[in-house]
Amino acid sequence: MLSRRHLLAAVAALPGARALAQDTVDLGLPGGPSKRRLTDDFPGKRGMILQRNTPALLETPLTAFNDGIITPNDRFFVRWHWPFPTEIDPARFRLRVDGHVARPLDLTLAALKRLPPVEITAINQCSGNSRGLFAPRIAGAQWAHGAMGNARWTGVRLRDVLDRAGVRAGAVQVRFSGLDAPVMDDAPDFQKSLAVDHARDGEVMIAWAMNGEPLPILNGFPLRLVVPGWFSTYWVKMLDRIEVLDKPDDNYWMAKAYLVPDTPDGGIPPGTKDFPKRPISTMVPRAFITSIAEGARLPVAPTPVGGIAMGGDSGVARVEVSGDGGTTWAAAKLGPDAGKYSFRRFDAVIAPARGPTTLMARCTNSAGTVQPMTGIWNPGGYLRGQVETTNVTFV
Ligand SMILES: Nc1nc2c(c(=O)[nH]1)N[C@H]1C(S)=C(S)[C@@H](COP(=O)(O)O)O[C@H]1N2
Ligand SMILES: [Mo]
């Protein structure tokens with residue numbers, strides 16, 4: 001009998017077969033079409049799950065996260081609400097800082113880069129990451145788990161920029177927008193705001209580099225906001241305008257979109273109408289098994305189970321792994337700590353019994369929050385944080 005490896009090699013040698021075998025993925029989405037094409041067609045990206053062509057929505061395959069805790073730029077997910085420029089002249093680019101400030105600024109990239117540089121490793125995760133796995137189904141991008149990535153961001157503190165402009169007394173929020181623009185005149189430009197104290201906390205930064213390279217166009221060249229621990233809706237790309245506000249921002253993207261139920265876990269029973277809401281903010285702990293694929297058939301033997309975990313807005317304190325559907329758990333070994341906003345690798349070995357079973361990984365963050373076993377639901381498909389499952393069979 002041919003081993004599985006030989007079989008794959010043989011299949012790959014057949015003309016055309018390779019495309020079939022490698023160019024689609026099944027995301028296992030319960031509520032609708034689940035197969036997607038893998039694409040190399042976008043500049044600086046390869047092997048991405050095609051969710052939508054324009055504006056681009058590209059998802060990272062889960063297997064890519066098994067290669068390391070840093071997501072390479074060419075595998076990093078992409079999400080835009082509106083069309084964006086595909087060419088930007090860095091020499092002519094200006095970052096405008098105005099509103100409730102003493103000195104409005106028009107900063108060149110060179111002027112910005114004269115401020116003290118800072119670096120942070122942080123996860124950028126879409127509020128709707130894993131939305132496609134919610135049931136009942138929710139409208140919006142049907143992401144599996146790959147609308148997230150972890151990078152080393154280089155830039156300057158937002159605080160240093162705001163201090164140069166001189167935030168005036170009475171400022172309440174700071175609003176950010178980028179070079180992308182809606183197609184219809186009456187559609188709302190993408191703008192997001194942070195409370196002024198958050199904007200000045202010294203962690204929020206304006207980044208020009210990602211993993212030591214200029215930001216890819218698709219990820220916001222030449223500048224983007226980095227808001228460690230917060231969902232990426234606030235991580236405004238192609239950032240060209242910062243406006244200090246003396247009253248709360250009531251623009252569509254703050255007042256109407258990206259709201260979650262104002263309940264402790266952000267969940268609400270499906271179908272609930274008229275409930276209090278709050279803007280989405282910090283992320284929650286999550287863990288993903290990346291070394292074993294859904295549906296795998298594995299020999300009955302001690303089996304390594306590895307993956308990546310995140311603490312949300314604090315570090316990863318511990319990860320436990322179960323090889324029997326959550327009946328028993330064993331502590332996983334944690335990999336190097338790249339800071340509290342980064343992915344952290346975990347590895348364990350399980351001793352499986354013959355037959356079908358469910359593998360699980362469960363993260364506890366350094367604030368003591370443990371991933372729940374059951375999921376929440378809300379009409380945005382936001383804040384998924386339950387323990388995820390990988391169904392396999394030991395033969
Ligand atoms: N200018 C601009 N910035 C934006 C967006 C956008 O549509 N326009 N989308 C936000 C959302 S919802 C997400 S999930 C992230 C995606 O970041 P990425 O494309 O670098 O992965 O960008 C955020 N920043
Ligand atoms: Mo998003």
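Predicted model: local features only at pLDDT ≥ 70, side-chain atom pairs only at ≥ 80, totals over all residues.
Figure 1. Two side chains join the view. Asp 180 places a side-chain N or O atom 2.6 Å from a nitrogen atom of ligand 1, and Arg 224 has a polar side-chain atom 2.6 Å from an oxygen atom of the ligand. On its own, ligand 1 exposes 530 Å², and the protein buries 100% of that area.

**Figure 2. Here is the shell of 19 residues around ligand 1.** Those that come nearest are Phe 77, His 81, Asp 180, Arg 224 and Lys 237. By class, the shell divides into 10 nonpolar, 5 polar and 4 charged residues.

**Figure 3. Ligand 1 takes up the space of the largest cavity.** Searching the whole structure turns up 1 cavity of 30 Å³ or more, and the largest cavity holds about 240 Å³ of space. Its lining has 18 residues, with Arg 79, Arg 224, Ser 232, Trp 235 and Lys 237 nearest the centre. You will find 8 nonpolar, 6 polar and 4 charged residues in this lining.

**Figure 4. Now for an open site: the second largest pocket has a volume of about 320 Å³.** Among its 21 lining residues, Pro 264, Asp 265, Gly 266, Val 284 and Leu 383 are the closest to the centre. The lining comprises 9 nonpolar, 9 polar and 3 charged residues. At least three residues come from each of domain 2 (95-130 + 146-279) and domain 3 (286-394).

Terms used
Residues numbered from 1 in each chain as written. Chains lettered and ligands numbered in written order. Heavy atoms only, no water. 1 Å grid on protein atoms, 1.4 Å probe; cavity = no way out; pocket = protein on both sides within 12 Å on 5 of 7 lines; lining within 4 Å. Points joined across faces, edges and corners; volume = space filled by probe spheres on them. Nonpolar A, V, L, I, M, F, W, Y, C, P; charged D, E, K, R; others polar. Domains from an automatic or database assignment. Near = heavy atom within 4 Å. Polar contact = N/O pair within 3.5 Å; in protein donor to acceptor, adjacent residues only side chain to side chain. Areas by Shrake-Rupley, 256 points an atom, 1.4 Å probe, with all protein chains shown as cover. Sits in = over half its atoms within 2 Å of the grid points.
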